[in-house]
2 protein chains.
Amino acid sequence: MRSRLLCLKMVLKLSRCNHCVTVSNSPDFAMVHKVAIVGGGSWGSALSVIVGESVESKKHLFDTTVKLWLLREEVNGGEDLAEVINRQHENVKYLPGIKLPKNIVASSDIALCVGDADILIMAVPQQFLAKTCENIVSKIKPTAIAVTTIKGIEVDEKRNMCVSSVIIQKILKIPVAALNGANIAPEVAEKHFCEATIGVQREQDGELLKQVFNIPTFHVNVVRDLHTVEYCGALKNVVACAAGLVDGLKFGTNTKSAVIRIGFLEMINFIKQFVGEPSMETFHESCGIADLIATCFSGRNRKVCEAFVQGGHTIEELEKELLGGQKLQGPYTAAQIYVALERRGLVDKYPLITTVHKICSQQWEPKKLIEILCSQK
Amino acid sequence: MRSRLLCLKMVLKLSRCNHCVTVSNSPDFAMVHKVAIVGGGSWGSALSVIVGESVESKKHLFDTTVKLWLLREEVNGGEDLAEVINRQHENVKYLPGIKLPKNIVASSDIALCVGDADILIMAVPQQFLAKTCENIVSKIKPTAIAVTTIKGIEVDEKRNMCVSSVIIQKILKIPVAALNGANIAPEVAEKHFCEATIGVQREQDGELLKQVFNIPTFHVNVVRDLHTVEYCGALKNVVACAAGLVDGLKFGTNTKSAVIRIGFLEMINFIKQFVGEPSMETFHESCGIADLIATCFSGRNRKVCEAFVQGGHTIEELEKELLGGQKLQGPYTAAQIYVALERRGLVDKYPLITTVHKICSQQWEPKKLIEILCSQK
């Protein structure tokens, strides 16, 4: 285990060093950048509302046409979803009822979408990320920069934990940044005021990438703490499961606030222990405490875990019933992390993450969460 | 203004120094301590549930009888409320439906309650605190220690901001600690798991005071950061007003989480600027982020400010209608702080606190909150 974790750390450190010297990819503020969004589900479509408005108002920096790639899919009895989007300016399947800006041009031709893009916004589901990257690696500009908006911790073939930026970087070999924040998709699409954080490895990318997204209703802060931004996005889902269990057990706000606080500290400790040396300020950005709060009060992890306590269903059954078979990130992430903790003998240091894993995998009853909380010293 | 703030800082620093040398008040772990709760409203009564259970299980440290002082008040057509509590073990007026432990002995005789107490838990409303202290100063043991559970910032006759520990210490001249956390009273009384923080000035008080409250369903952490604990308790009410305004304006979780985050940073900055040198870890204790979350989702400040947006009433009218005339802490605290900020030319640094004050005092429309958020750089 130790060697694997060292390996993870080495990957992170090496990739950081690589970036520091890749000056050929420095953004040029005198040129006009083309932006593409890779992934047209509800989240990619919601982001297109923000990015479309943003680039439209910054013609000195960006080409105003933003390409949105999505899988070829038939709707309305045979029409290509991309064509419907381009005619109706609405993703009728994944974000119905929301008008997309007219400068968003959808296509299911991935080469066309990414071929001339200077900035690639990655918004595909985590499980399709590696395959998508392999599909586009020969088609992208070598000077492109990627921004991942994908949350989740994966275990690779060597059983190293890795986040989406590591997968993208390994395959595409271009600089990667990460966007994360308290950004529930429908509210983003409706342009309710919100904030987000971009984590960059290279300081010179920060301002340009901020400008891709930053508009009055979507405020972006940039930090030099890429992996903290990403790990927060994955770990918060585990804490949200605990919050959902508290709701399902009919405990009140005091207990839920305590669970969020304990989870927040476990997130900080986990990142300190496994990822690197985070700046404490990053945890106070939108990607940290704000995203955690939003997810613990409104996210799908909370909702499914609340239902898990109330009904007689497994998490897998609830995924099918409530999420149309999509994988719930929290229990999956908790299981991945539990393996790492167990091998290092660190289970006792992360009682909340451990308890979420044990309950969601039906090794423990939900009420055990309260017993564990009460028994902590 | 500057001299007044310096004055505040001097008071804090002097009082700290005073404590460091008051060795005669060091708690003695070989003796059995008597505990009294001064204030039998809903909060004092909820605390008595915790303290009653706690001291009962620690007979080596505490006298198991806990005296609960409350104002003489008639209930049930003429009976003294204290007598009813002692017969029924229930505060039928302020915490109906909750059984108090049998070792809680209520009385409206303040001299009897505080005269032999080694630990005084202060739980009266802020506006009666100074008068209560003046009433008991000649009656308490000179070796007693006080724990304030009273939140709020007051302006004294010299227009210095001060928190309850300063008032208590000034009048009683004994060491003071503060208890604060995500502790909504009815849930505390029902023994739903929760956490709290005690801020002490003297390290030697920490363990004893922790033992007064710490039971499996009420976990206490001790920090050496008394005034941060207290100021968090007051400032969070201002942020909760902003959260209530967001709810009233029908914005969603993204906006609310952003407001909580921005408010959290303003709390930290305010305490750094006006109070002293806080430990960042204190903000991650229950008194910090957890209490803030609980108050922004369940507290009365949130509720009244939501109603303020929806109806055509002033805050004062809503206080009468929804709180039986009790003063809402958030708008009051925001107004106090605004004066201090304005005099120092710091209004721009605290846009959220300023906006809460301007909206609650009807100088600005509620929707201005969103404009202010969107216009921040």
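Glu285(A) and Arg261(B) pair up in a salt bridge, with 3.8 Å between the closest N and O atoms (a salt bridge being a side-chain nitrogen of Lys or Arg within 4 Å of a carboxyl oxygen of Asp or Glu). Glu285(A) sits in the loop between helix H11 (280-283) and helix H12 (286-298) of chain A, and Arg261(B) in helix H10 (residues 253-274) of chain B, so the pair joins two chains. Helices (H or I, at least four residues) and strands (E, at least two) are DSSP runs, numbered from the N terminus.

This is a predicted model: local features need pLDDT of at least 70, side-chain atom pairs count only at pLDDT 80 or more, and totals for chains, interfaces and linings use all residues. Residues are numbered from 1 along each chain as its sequence is written, chains are lettered from A and ligands numbered from 1 in the order in which they are written, and side-chain values use heavy atoms, with hydrogens and water left out.

**Salt bridges**

- Over all chains, the count is 34 salt bridges.
- Glu285(A) counts as buried at 14% relative accessibility, and Arg261(B) counts as buried at 6%; buried means under 20% relative accessible area, exposed over 50%, partly exposed in between (1.4 Å probe, protein chains only).
- Lys93(B) and Glu73(B) make a salt bridge at 2.6 Å, N to O.
- That pair links distant parts of the chain, 20 residues apart: Lys93(B) is in the loop between helix H3 (81-88) and strand E5 (104-107) of chain B, and Glu73(B) in the loop between strand E2 (62-69) and strand E3 (74-75) of chain B.
- Lys93(B) is partly exposed, at 42% relative accessibility.
- Arg202(B) and Asp205(B) also meet in a salt bridge (2.6 Å, N to O), and both residues are buried.

**How the copies relate**

**Helix packing in chain A**

- The axes of helix H9 (residues 226-248) of chain A and helix H10 (residues 253-274) of chain A come within 9 Å and cross at roughly 150°; axes are lines fitted to C-alpha atoms, for helices over the stretch in contact (heavy atoms within 4.5 Å), with angles from 0 to 180 degrees between N-to-C directions.
- H9(A) and H10(A) are therefore roughly antiparallel (angles over 145 degrees).

Methods:
Angles under 35 degrees count as roughly parallel, over 145 as roughly antiparallel, 65 to 115 as roughly perpendicular and the rest as oblique.
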